[in-house]
Amino acid sequence: MRQLPMLASIFAMMAGSALASGFPVTVKSCNRDVTFDAAPSRAVSNDVNLTEMMLVLGLADSMVGYTGVSGWKTLDEKLRQGVAELPELSPDYPTKEVLLGADADFYFAGWNYGMKLGGEVTPETLEPFDIAVYELAESCIHIMAKPKASMDDLYVDLLNLGRIFGVEEKAVALVDGYKTELAAFTARLDVTDKPKVFVYDSGEDKPFTAGRYAIPTAMIEAAGGTNIMDDVESSWVEVGWEPVIERNPDVIVIVDYGSVSAAQKADFMRHNPAFKDIPAIKNNRFVVLPYVVATPGPRNIEGIKTLTAAFHPS
Amino acid sequence: MSHKHLVAWPRHALIHTMPWLIAGLGFVLLVTLMLAVSVGTIGIPLHAVWGIIANHLVPGFVPVDWSPGRDSIVWEVRLPRAILGAMVGASLALVGAALQAVTRNPLADPHLLGISSGAALGAIVVLLHTGMFLGLITVPLFAFGGALLSTAIVTGVANLALATNASRLVLTGVAVSFIVTSLGSLGIFLGDPRAAHTVIFWMLGGLGLAQWAQLPFPLLALLGCGAYLMANARNLNAMTLGDESATTLGLPVARFRLLIFIVCALLTGAAVAFAGIISFVGLMIPHIVRMVIGGDYRRVLPLSALLGAIFLVMADIVARTIMPPQDLPVGIITGLVGGAFFILLLRRNGRIG
């Protein structure tokens, strides 16, 4: 009979630790419910911004590698240090063989951020191999209806990753920190003067820009501006130059990556006679955001600060 | 009475050793499949590859000293892929041979007559507009449906325009192909531009989507349509002599041509639905076979099937190993090799065209 209280307390401790760890955990990835019985230990992430989300939560030890970076982007110093111990499994989107060869059990990617619709690597094709997939919230627009892009997309991804890997407290702290920082920021903004902004990713005969469902829209609004293309019902999308000229942006945000430099992109716009009356060109108001800042990831807050400084120079 | 003086010696010898030729090519196909399973991005030692296969056939035969990931690579990724490559290669080569006989056009290939543009249209509708609402089978289903629709249009137009003779059927097919391709381009334009590259990859052809559950479909098409074509080999021979000669031999030419066209469309549709548009196999393989063995379709058909299978599996091996760890669309390899080969062919053989 004396063992009973001891047994009871042992059970209570075990139950308590199970509750504290939170497993099994179910998260919503786009339109799927994914259940994890334990934190993945062999995770792979695709692309710079998603890899950085894993690193900012301190998950490098749960990863076996990353993909989709050197194919068309370069790692900056901070990222290179973070992934120093991890191999790049593929310079572009990985194939099934690459993921299986790494004995991966988790793939963090997005639609057009590591997975193609109807392609070889999708949540459905990886399921038979017990490779769980979490999809980037911003990219869900490619397979389902979704509300307009907002910073919540980033927060939801970080919180979900926190729950999946059992580092929920860290994720909550990070997200709360971002929210506080952002709130302090926006409180100081003058909301009456909202510059019109055009996001220029790439393209010469037709520009590739950020539409309603891409995160730059949310970032621009948080910085006190409006994206001239925020009525385009798409994520990252190709438009024509005529609507750009007609909507007269006050500031142009250039997304920097790849072989064409930001300076070259700005020069292209400056030297094209069709654009000479655009206020942004006349007043030479360009802002450069590196790719990793302009796509969902931990650096978005820093990106919003850069934008705010550029939109409201006073 | 000896016929040796009618046929050059090497070809004569080959004609009379057909069973050996088939067995020989069959053996080469087997070796190629073995190679396909053994090589790839992830280096897996040979004993592990064969251990994995042995264990799937006879459970517990070999002690396991590899990870489950590697087991999946060999059995669930490479093996179905190699088998699909063999089936698609054989299908496309058979279709090319049959269409070349029935249209008497050496440039006829499975993609000429609008079948593949229809399949591409089906895939575009799914990938850019409806999404995979039926799961993994959505794209193959719609691609096959698109191929059938295109075939129906070509057959209908050919009947209406009384274009069932050889060259007019080709022209009808080309015309419908242009229309359907333009509709496909419209579909791409109206869809999400960021996803357009998904469609391009599909159209370039690739065996990466191969999985065991889907293999019975192209297999059924190959066995059924292949058997029909081989059973009609003598009639195909008659067709190559010209419509009048074929008619005097008792063949209902117009009807037979349309029938062969429909059977080829079914076989092409099944191949394209699972592997995208792979160029040049259907065009090139029958020419090579005919160069060696002559124009008798009783021999050309089985040899084309075997050679087509070997060629596509080899092209896929190159596609997977030339730029590791990336997977080149196999259509690029077949196009490059096919184009180069075709130039050589034109130089060697002045009778073409």
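In this predicted model, the C-alpha centres of domain 1 and domain 2 of chain A are 27 Å apart. Domain 1 covers residues 17–177 of chain A, and domain 2 covers residues 190–311. Chain A also meets chain B, with 26 residues of chain A in contact with 27 residues of chain B. For the complex, the predictor reports an ipTM of 0.79 and a pTM of 0.83.

**Contact between the domains of chain A**

- Domain 1 of chain A contributes 20 residues to the contact, and domain 2 of chain A contributes 18.
- On the domain 1 side, the elements giving two or more residues are α2 (48–56) and α6 (152–165) of chain A.
- Of the elements on that side, α2(A) gives the most, with five residues.
- By residue class, the domain 1 side of this contact comprises nine nonpolar, four polar and seven charged residues.

**Contact between chains A and B**

- 26 residues of chain A and 27 residues of chain B take part in the contact between the chains.
- On the side of chain A, at least two residues each come from β5 (88–90), α4 (96–101), α5 (123–126) and β12 (236–238) of chain A.
- The largest share of that side belongs to α4(A), which supplies five residues.
- The chain A side of the contact with chain B divides into eight nonpolar, 10 polar and eight charged residues.

**Parallel sheet of chain A**

- Four strands of chain A form an open sheet with parallel pairing, in the order β11-β9-β13-β14.
- Its edge strands, β11 (226–227) and β14 (286–290) of chain A, each pair on one side only.
- Two bridges in the parallel sense link β9 (residues 196–200) of chain A to β11(A), and A:Val197 has A:Asn227 in β11(A) as its bridge partner.
- Helix α10 (residues 262–271) of chain A lies across β9, β13 (251–256) and β14 of chain A, and its direction makes an angle of about 145° with β13(A).

- Strands β1 (residues 25–29) and β2 (residues 32–36) of chain A pair in the antiparallel sense, over five bridges.
- Within this pairing, A:Thr26 stands opposite A:Thr35 in β2(A).
- A:Cys30 is found in the loop between β1 and β2 of chain A, and its phi is near 50°, a positive value in a residue other than glycine.
- A:Cys30 counts as buried because 20 other C-beta atoms lie within 10 Å, and the criterion for a buried residue is 20 or more.

**Helix α8 of chain A**

- Helix α8 (residues 215–222) of chain A is mostly covered, with eight of its eight residues buried.
- The buried residues of α8(A) include A:Ile215, A:Pro216 and A:Met219, together with A:Glu221.
- After α8(A) comes A:Gly224, which has a positive phi, near 85°.

**Local features of chain B**

- B:Phe341 belongs to helix α15 (residues 330–348) of chain B.
- B:Phe341 has 17 C-beta neighbours inside 10 Å and therefore counts as partly exposed.
- The C-alpha atoms of B:Phe341 and B:Met284 are separated by 7.9 Å, although these residues are 57 residues apart along the chain.
- A cis peptide bond, with omega of about 0°, joins B:Pro324 and B:Pro325.
- B:Pro325 lies in the loop between α14 (297–321) and α15 of chain B.
- B:Phe280 has a positive phi, near 75°, in a residue other than glycine, and is placed in the loop between α12 (253–275) and α13 (281–293) of chain B.
- B:Phe280 counts as buried because 23 other C-beta atoms lie within 10 Å.

**Confidence**

- The mean pLDDT of chain A is 87, and 91% of its residues score at least 70.
- Chain B has a mean pLDDT of 88, with 97% of its residues at 70 or more.

Conventions:
Residues are numbered from 1 along each chain as its sequence is written. Chains are lettered from A and ligands numbered from 1 in the order in which they are written. This is a predicted model: local features need pLDDT of at least 70, side-chain atom pairs count only at pLDDT 80 or more; totals for chains, interfaces and linings use all residues. Domain bounds come from an automatic or database domain assignment. Two residues are in contact if their C-beta atoms, placed from the backbone, lie within 7 Å. Ala, Val, Leu, Ile, Met, Phe, Trp, Tyr, Cys and Pro count as nonpolar, Asp, Glu, Lys and Arg as charged, and the others, Gly among them, as polar. Two strands pair if DSSP finds at least two bridges between them. Axes are lines fitted to C-alpha atoms, for helices over the stretch in contact, and angles run from 0 to 180 degrees between N-to-C directions. A residue is buried if 20 or more other C-beta atoms lie within 10 Å of its own, exposed if 12 or fewer, and partly exposed in between; C-beta atoms are placed from the backbone. pLDDT is the predictor's confidence in each residue, from 0 to 100.
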